[in-house]
Amino acid sequence: MTKQDRSRQGAKAAGPGRPDRAATLRAFRQGALAGLPFALVAGPFGVVFGVIATEAGLNLAETMGFSILVIAGASQLAAVQLMVDNAPTMVVVLAALAINLRMAMYSASLAPYLGAAPVWQRGLIAYLMLDQAYSVSYLRYEEGPPMTLSERVAYYMGAITPICPLWYLATLFGALAGTALPVGLPIDMAVPIAFLAMIAPMLRTLAHVAAALVSVLGALALAFVPHNLGLFLAALLALIVGARVELWVAARRRAADQTARAGTDKEGDAR
Amino acid sequence: MSYSTFEIWAIILLIGIGTLALRFSFLGLIGSRALPDWVLRHLRYTPVAVIPGLMAPLVFFPPVTGGETDPGRLAVAAVTLLAGVLTRSPLWAIAAGGAMLTGLALTGVLVVPG
């Protein structure tokens, strides 16, 4: 699996684009550089999962199966937690999938940027859709200078390159080292640090800040909703609030412009 | 844990397939078709709508302290967020948060799992 994956990524590094190989390669390198800091976190997170899964009673193949086939840390941890409680099989599956519902949102928000890529590339992008690679790429697409499609794909693949192999290796390390690791390390905070570091640079408008606040308050207030569906509801609410605030700010700006124009005795808005 | 080997692999495979389906969903089905403006306006907030909520319980009610709010962890989160907003760089945010975390852990301020 790992070998196959590496050869796929190798093929990708060589560039999917006939159009401009150098530009594609540059985008890949930029992506890899942007993804690099998150490797610092994928490491500890993977180790944590490996240790917890092994302690819970999963063997090496099962633990690695989770990290390779599911490749979504938060849902893997939740699944193992429920398995420790001997929850019914379908409850474990549905709870994990509920946490990963956010991936469908990521998928939708990437579609305008990557939807025109060949289906095999979209498949690979989907398999490799981790929060970090997604956030880093999305931030770049939204804010950076425009890129061609093959550059966007290359940037994404670049961002995932330092993170994904490390995720597998760290899980393996955690599973093998297991309880031999020293306790008393606050590695539980590595995950929030990484995620907050991803989000903070995005808090650039009132609408983004409002959406983030609603997300936090909503998730805490709806924590009672079973199977982690509270998070999904909070996220939907936050999306709506973000969009509403954006419209409201734009309307206010238009109104202010109009007042200013009226003040200079100009013709009213053509609309 | 009292599952059979078959059940464990069924769980892994079902979560894996379901997660891949969620990840592929819109990317695969919509493809390059243009989405209406109002949809794009909502999708723009996807990361900030999802990730803060995903992290909030870990920051405010950390599982390692048994769900008890830990001022040290709140401070680490605040420093990370502030550094990220000020520098606009995830790298500096991670550096600041990591430094704060290490500092608090070394001085014994932080509650750590026994």
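Tutor: Begin with burial in chain A: of its 271 residues, 51% count as buried. Keep in mind that this is a predicted model.

Student: What confidence scores come with the model?

Tutor: The model has an ipTM of 0.85 and a pTM of 0.76. For chain B the average pLDDT is 89, and 98% of the residues score at least 70.

Student: How many helices and strands does chain A have?

Tutor: Chain A has 13 helices and 0 strands. Along the sequence the pattern reads α-α-α-α-α-α-α-α-α-α-α-α-α.

Student: What does the corresponding count give for chain B?

Tutor: In chain B, residues 24 or more positions apart account for 31% of the contacts with a separation of 6 or more. As for burial, 42% of the 114 residues of chain B count as buried.

Student: What is the secondary structure of chain B?

Tutor: Chain B comes to 5 helices and 0 strands, in the order α-α-α-α-α from the N terminus on. Its radius of gyration is 20 Å, well over the 13 Å that the globule rule gives for 114 residues, so chain B is more spread out than a compact globule. Along the principal axes, the C-alpha atoms of chain B fill a box of roughly 55 × 50 × 20 Å.

Student: Which domains are assigned in chain B?

Tutor: The domain assignment gives domain 1 (1-33) and domain 2 (37-114). Taken over C-alpha atoms, the centres of these two domains of chain B are separated by 28 Å.

Student: Next, the interface. How is its size usually expressed?

Tutor: The size of an interface is often given as the accessible area lost when the parts come together.

Student: Let us look at single residues. Where does A:Tyr106 lie, and is A:Tyr106 buried or exposed?

Tutor: A:Tyr106 is in helix H6 (residues 101-114) of chain A. This residue counts as buried because it has 28 C-beta neighbours inside 10 Å, against a cut-off of 20 or more. Leaving aside neighbours within four places in sequence, A:Tyr106 is in contact with A:Met129, A:Tyr134 and B:Thr46. For a distance within the chain, the C-alpha atoms of A:Tyr106 and A:Leu25, 81 residues apart along the chain, are separated by 25 Å.

Student: Now a residue of chain B. Where is B:Leu74 found, and what does B:Leu74 touch?

Tutor: B:Leu74 is found in helix H4 of chain B. Not counting residues up to four places away in sequence, B:Leu74 touches B:Val59 and B:Thr69. With 13 other C-beta atoms within 10 Å, B:Leu74 is partly exposed. The C-alpha atoms of B:Leu74 and B:Phe6 are 68 residues apart along the chain and separated by 42 Å.

Student: What is phi of B:Arg88, and where does B:Arg88 lie?

Tutor: Phi of B:Arg88 is near 60°, a positive value in a residue other than glycine. B:Arg88 lies in the loop between H4 and H5 of chain B. This arginine counts as partly exposed because it has 16 C-beta neighbours inside 10 Å.

Key
Residues are numbered from 1 along each chain as its sequence is written. Chains are lettered from A and ligands numbered from 1 in the order in which they are written. This is a predicted model: local features need pLDDT of at least 70, side-chain atom pairs count only at pLDDT 80 or more; totals for chains, interfaces and linings use all residues. Domain bounds come from an automatic or database domain assignment. Helices (H or I, at least four residues) and strands (E, at least two) are DSSP runs, numbered from the N terminus. A residue is buried if 20 or more other C-beta atoms lie within 10 Å of its own, exposed if 12 or fewer, and partly exposed in between; C-beta atoms are placed from the backbone. Two residues are in contact if their C-beta atoms, placed from the backbone, lie within 7 Å. pLDDT is the predictor's confidence in each residue, from 0 to 100. The radius of gyration is taken over C-alpha atoms; the globule rule is 2.2 Å times the number of residues to the power 0.38.
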